[in-house]
Amino acid sequence: MELGQINTLEILRETDHGVYLIDTNDEEVLLPNRYVPSEFKIWDKIDVFVYLDNEERLVATTDIPYIKRDEFALLRCNQVNEFGAFLDWGLVKELFCPFREQAFKMKPGGWYLVHCYLDEKTERLVASSKTNRFLDNKTLTVEQFEEVDLIVSHPSDIGWNVIVNKKHIGLIYKDNIFKDISVGDRLKGVVKKVRPGNKLDISLEKIGYRNIEPNAQRILQELEDNSGFINLTDKSNPEDIKAQLQMSKKSFKKAVGNLYKQKQIEIKPDGTYLLR
């Protein structure tokens, strides 16, 4: 039975407080009445999240938390006491973040990107906003041009730090960002470059020729949504292109060139027209 994870367990017996579930190692856990299905049979299998209740007893729930063990998520701080902060993770018992695990002092009502892990000393699930210490670039599991899953971590002077595939830390430079992003956003990206020291440069756009088709589709959609016309050309201001299409001028010119060759658009001094 894995603490902090979804477990598939069997219903063993019914009691006044709920039903007891059992795993393949004969370990039992209570599923309180509020979570028990209206209809069930002994030995039915059920998916539950297992954690410790307020009295540090093992308990199961059919509620799915916003974050599980070894994951990252943006959570709201509900309250702070002399020991630390308590975060809303979608369960009755709040997720504890001790002061020593807070990158910045948490305040009630604030939102924080945290990592959930099992504290080996207390055997409790706790949160940490010092997310970088759970990431490692020593041995990379990604390579250049690979599409990756991203979680926006925190800003820097030169761009945004991102969590790559829940394992590594990467950076998106400011001049590669063409839409508003915020801490906790989950995005798709591409490894643009692997620099010395296994530092990862990340792009939100596909690289080179890989980027032409998606951007071309985006331009076609914009034309369709605006009666076949957009007031942009390859001579337009980069900021105007960024504001309207969330892409760089370089990407726009490549995509427009592709569409022009395919005779899907016509470019005039006042803008780009869709050929129907």
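Reply: Gladly, and let's start with a definition: a residue is buried under 20% relative accessible area, exposed over 50% and partly exposed in between, with a 1.4 Å probe and protein chains only. As background, this is a predicted model, where local features need pLDDT of at least 70, side-chain atom pairs count only at pLDDT 80 or more, and totals for chains, interfaces and linings use all residues. Residues are numbered from 1 along each chain as its sequence is written, and side-chain values use heavy atoms, with hydrogens and water left out.

Me: Why is Asp 63 called partly exposed?

Reply: The relative accessible area of Asp 63 is 31%. You will find Asp 63 in the loop between strand E5 (58-61) and strand E6 (72-80).

Me: What is Asp 63 in contact with, leaving aside its neighbours within four places in sequence?

Reply: Contact means heavy atoms within 4.5 Å. By that test Asp 63 is in contact with Tyr 35, Phe 49, Gly 90 and Leu 91. As for Phe 49, its C-alpha atom is separated from that of Asp 63 by 7.1 Å, with the two residues 14 apart along the chain.

Me: What makes the protein more spread out than a compact globule?

Reply: First its make-up: the protein has three helices and 18 strands. These are DSSP runs numbered from the N terminus, helices being H or I with at least four residues and strands E with at least two. The radius of gyration is taken over C-alpha atoms, and the globule rule is 2.2 Å times the number of residues to the power 0.38. For 276 residues the rule gives 19 Å, while the radius of gyration is 25 Å, well over that value, so the protein is more spread out than a compact globule. Along the principal axes, the C-alpha atoms fill a box of roughly 75 × 45 × 35 Å.

Me: How many of the residues are buried?

Reply: Buried residues make up 44% of the 276 in the protein. As for contacts with a separation of 6 or more, 54% come from residues 24 or more positions apart.

Me: How do you know that E1 and E4 pair?

Reply: Two strands pair if DSSP finds at least two bridges between them. Strand E1 (residues 6-15) and strand E4 (residues 45-52) are joined by five bridges and run antiparallel, so they meet the definition. In this pairing Glu 10 stands opposite Lys 45. E1 also pairs with strand E2 (residues 18-22) in the antiparallel sense, over five bridges, with Ile 11 opposite Leu 21. A hairpin through two residues joins E1 to E2.

Me: Which strands does E14 pair with?

Reply: Strand E14 (residues 186-195) pairs with strand E11 (residues 147-156) in the antiparallel sense over five bridges, and Val 190 is the bridge partner of Glu 147. Five bridges also join E14 to strand E15 (residues 199-203), again running antiparallel, and here Arg 195 stands opposite Lys 199. The hairpin of E14 and E15 has three residues between the strands, and Gly 197 takes a positive phi near 85°.

Me: Why are E16 and E17 said to stand at the edges?

Reply: Three strands form an open, antiparallel sheet in the order E16-E18-E17. Strand E16 (229-230) and strand E17 (265-268) each have a single partner strand, so one side of each is left without a neighbour in the sheet. Ile 230 has Thr 272 as its bridge partner in E18.
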